[in-house]
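Please read it with both in view.

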Amino acid sequence: MQQQRIKTGITGFDEMLDGGFLPNSANLIEGAPGTGKTTIAMQFIYNGITKYNENGLIISFEEFPVQYYHDAAQLGWDLKTFEKEEKLKILFSNPETILKEISEINGELINLMKKYDVKRVVIDSISHFESLTRDVTELREIERQIINGFKKEGTTSILIRENNSILGQISAMNSKIPFVVDSYILLRYVEIDSEIQKALTIFKMRGSDHKKDIRRYQCTKNGVEVESKFVGREGIMSGNSRATPQDAFVNVFGKKKS
C-alpha cells in the first residue's frame, strides 16, 4: 500500500521522491550559493498553504522576513498576506535560541507552532548550528535535538545546508547531519559542453524508494522545475562531467549504419 506523502508541489520533484516526502520527516537540501535551495524551501511552504492546507514556519538566521517577502514576490507568491492570515510565520532568530526553545514544552517556539498549526518547517540554514561547537560528536547531538524536536511537534521539515563548492569536488564539513536526516538531496552546478547547468539528485530516503537518477532543473519565474535526467553523461555529480564511452564514440565516428 502506498504510504501517505507530503507533496512539495514542485514539478518533477515529487515524482523523484516517489510521491513526496514522508510525513514527520527531516529532509536535507544541500547546495552551493544560487542553486535554488531557498526557492525550493519557499515553494514547499507556499504550495503547502495554497494546495494542501498545511501552514508553515520559516526559521531564518540571516535574512529578515522582508527579504523573504521580496524574493517570494518575484515569483508571484504573497507571503506577507499569509502571515497576516496566520497561515505562515517567518521567524528571524539565532541557533542558541532555537536549540533552547525546541526542548521547552511551553516555550515560545512550541506555543507559536501550536498557535499557527504549523505542519511544514524550513530552517535556513542548519549550517549555522556548526557555530555552537567544534566537537563533531556534540554537533551531531545538537542536530539530532533540532530534528527530533520538530518531529515531536508533528511537522515535516526542510533543512537547508550551504556548501561553498561551486564546481568540482564537494567540500568536506564537520557536520554529520546527512546520517541523521531522513532524506538527503544535493543540488549542483555542472559544466556540460561549455555551459553551466543545474543538477539534482537524491542520495538517500529512509524508509522509502526514490528515483536514483540525476536530473536537470531550472529556477523559473514560477519557481523550481525538475526536468529530464541527464543522458549520455557520467561524472556529473563529481564535477567532472564527460560523455559516456558509447556516446563519445558516436560523437567521433557517428552512429553505426544498419
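What kind of interaction joins the side chains of D213 and R215, and at what distance from N to O? The side chains of D213 and R215 meet in a salt bridge at 3.1 Å, N to O, where a salt bridge is a side-chain nitrogen of Lys or Arg within 4 Å of a carboxyl oxygen of Asp or Glu.

The model is a predicted one, in which local features need pLDDT of at least 70 and side-chain atom pairs count only at pLDDT 80 or more, while totals for chains, interfaces and linings use all residues. Residues are numbered from 1 along each chain as its sequence is written, and side-chain values use heavy atoms, with hydrogens and water left out.

**Overall fold**

The protein chain has eight helices and 11 strands, taken as DSSP runs numbered from the N terminus (helices H or I with at least four residues, strands E with at least two). Of the 258 residues in the protein chain, 50% are buried; here buried means under 20% relative accessible area, exposed means over 50%, and partly exposed lies in between (1.4 Å probe, protein chains only). The protein chain exposes about 12,900 Å², of which carbon and sulfur atoms supply 48%; accessible areas come from the Shrake-Rupley method with a 1.4 Å probe, and for residues only the protein chains shown count as cover. Among contacts (heavy atoms within 4.5 Å) in the protein chain between residues at least 6 apart in sequence, 65% join residues at least 24 apart.

**Salt bridges**

Side chains of opposite charge can pair when their charged atoms come close. The structure holds 13 salt bridges, including the pairs tabulated here.

| Pair | N to O distance |
|---|---|
| E104 and K100 | 2.7 Å |
| K151 and D182 | 2.8 Å |
| D213 and R215 | 3.1 Å |

K151 counts as partly exposed because its relative accessibility is 21%, whereas D182, at 11% relative accessibility, counts as buried. R215 counts as buried at 10% relative accessibility, and R215 is linked with E15, K211 and D213 in a network of salt bridges.

**Loops and surface charge**

H210 lies in the loop between β7 (195-205) and β8 (215-220) and is buried, with a relative accessible area of 8%. Not counting residues up to four places away in sequence, H210 touches M16, I202, F203, K204 and M205.

E153 is placed in the loop between α7 (136-152) and β5 and counts as partly exposed at 23% relative accessibility. With residues up to four places away in sequence left out, E153 touches I110, M113 and K114, and the C-alpha atoms of E153 and I102, 51 residues apart along the chain, are separated by 9.4 Å.

D78, in the loop between α3 (65-73) and α4 (79-84), counts as partly exposed at 42% relative accessibility. The C-alpha atoms of D78 and Y46 are separated by 8.8 Å, although the two are 32 residues apart along the chain.
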